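These are my notebook entries on a structure that is new to me. I set down what I looked up, step by step.

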Amino acid sequence: MIKAYIKFWQNALKSEGISSRSDYWWTFLVNEIFRAIILFIELIIILNFFWGKISPGFTETQLLEVANQAIDHPDTAMLTISIIYTIFNLVVMLPITTLTARRLRDAGLPAGLAYPLPAIYIANAFAQFMNVPGLNAISGFLIFYQLLLLFLCFRPSIKNDPFQGDHQ
């Protein structure tokens with residue numbers, strides 16, 4: 001797992017060549033662990049925010065008012081963790097794109113399918129910090145596209161590849 005993640009960063013700007021399924025999925029797992037840790041910290045911050053503002057007798061309307069207050073006027077901790085999450089996603093944006101392109105090529109698919117991935121990360125960054133009508137729908141479509149690519153990356157490596165080696 002650690003070797004695959006190191007290789008991920010060493011080949012961050014290389015879209016040529018191939019990547020094995022194990023390289024791809026170990027990297028995916030490590031990135032998701034980092035995201036989960038950040039989101040867990042965000043959950044703790046949000047729960048802490050609500051803890052001091054709600055009481056057992058609150059109605060749904062009152063809870064929605066507190067939630068809207070948190071969205072419209074996030075405290076420093078909420079904003080900081082959101083910025084950290086966004087920076088992480090933007091930092092891994094290009095390496096994930098090139099890794100996915102190599103993985104698709106290794107599976108015998110067009111590598112160009114990976115190149116819309118940066119739009120996913122950028123749309124999500126904007127959606128997280130801006131309340132623009134329609135942006136969440138675009139972001140949702142792009143996430144669906146990313147899931148489609150993940151499914152395609154399950155495909156086995158092509159046979160008779162001169163770079164095959166341990167890439168099966």
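Entry 1, the fold. I took helices and strands as DSSP runs, a helix having at least four residues and a strand at least two, with numbering from the N terminus. I note at the outset that this is a predicted model. I counted six helices and zero strands in the chain. Along the sequence I read the pattern α-α-α-α-α-α. I then looked up burial and found that buried residues make up 37% of the 168 residues.

I turned to H2, which runs over residues 21-51 and has 31 residues. From first C-alpha to last, H2 reaches 44 Å, close to the 45 Å expected at 1.5 Å a residue. I asked which residues of H2 are buried. I listed Asp23, Tyr24, Thr27, Val30, Asn31, Arg35, Ile38, Glu42, Ile45, Phe49 and Phe50. I kept in mind that an α-helix has 3.6 residues a turn, so residues three or four places apart point the same way.

How do the axes of H2 and H4 cross? I found that the axis of H4 (residues 76-106) comes within 11 Å of the axis of H2, and that the two cross at roughly 170°. Angles over 145 degrees count as roughly antiparallel, and H2 and H4 are therefore roughly antiparallel to each other. I sorted the residues of this contact into 17 nonpolar, five polar and four charged.

H2, H4, H5 (117-129) and H6 (135-152) each supply at least two lining residues. H2 gives the most, with seven residues. By class, I noted 13 nonpolar, six polar and two charged residues in the lining.

The largest cavity holds about 40 Å³ of space. Its lining consists of Ala4, Lys7, Phe8, Asn11, Ser19, Asp23, Thr27, Leu99 and Arg102. H1 (2-10), H2 and H4 are the elements that give two or more residues to this lining. The largest share, three residues, comes from H1. I classed the lining as three nonpolar, three polar and three charged residues.

Definitions and conventions: Residues numbered from 1 in each chain as written. Predicted model: local features only at pLDDT ≥ 70, side-chain atom pairs only at ≥ 80, totals over all residues. Heavy atoms only, no water. Expected span 1.5 Å × (residues − 1). Buried < 20%, exposed > 50% of the residue type's maximum accessible area, 1.4 Å probe, protein only. Axes fitted to C-alpha atoms, helices over the stretch in contact; angles between N-to-C directions. Parallel < 35°, antiparallel > 145°, perpendicular 65-115°, else oblique. Nonpolar A, V, L, I, M, F, W, Y, C, P; charged D, E, K, R; others polar. 1 Å grid on protein atoms, 1.4 Å probe; cavity = no way out; pocket = protein on both sides within 12 Å on 5 of 7 lines; lining within 4 Å. Points joined across faces, edges and corners; volume = space filled by probe spheres on them.
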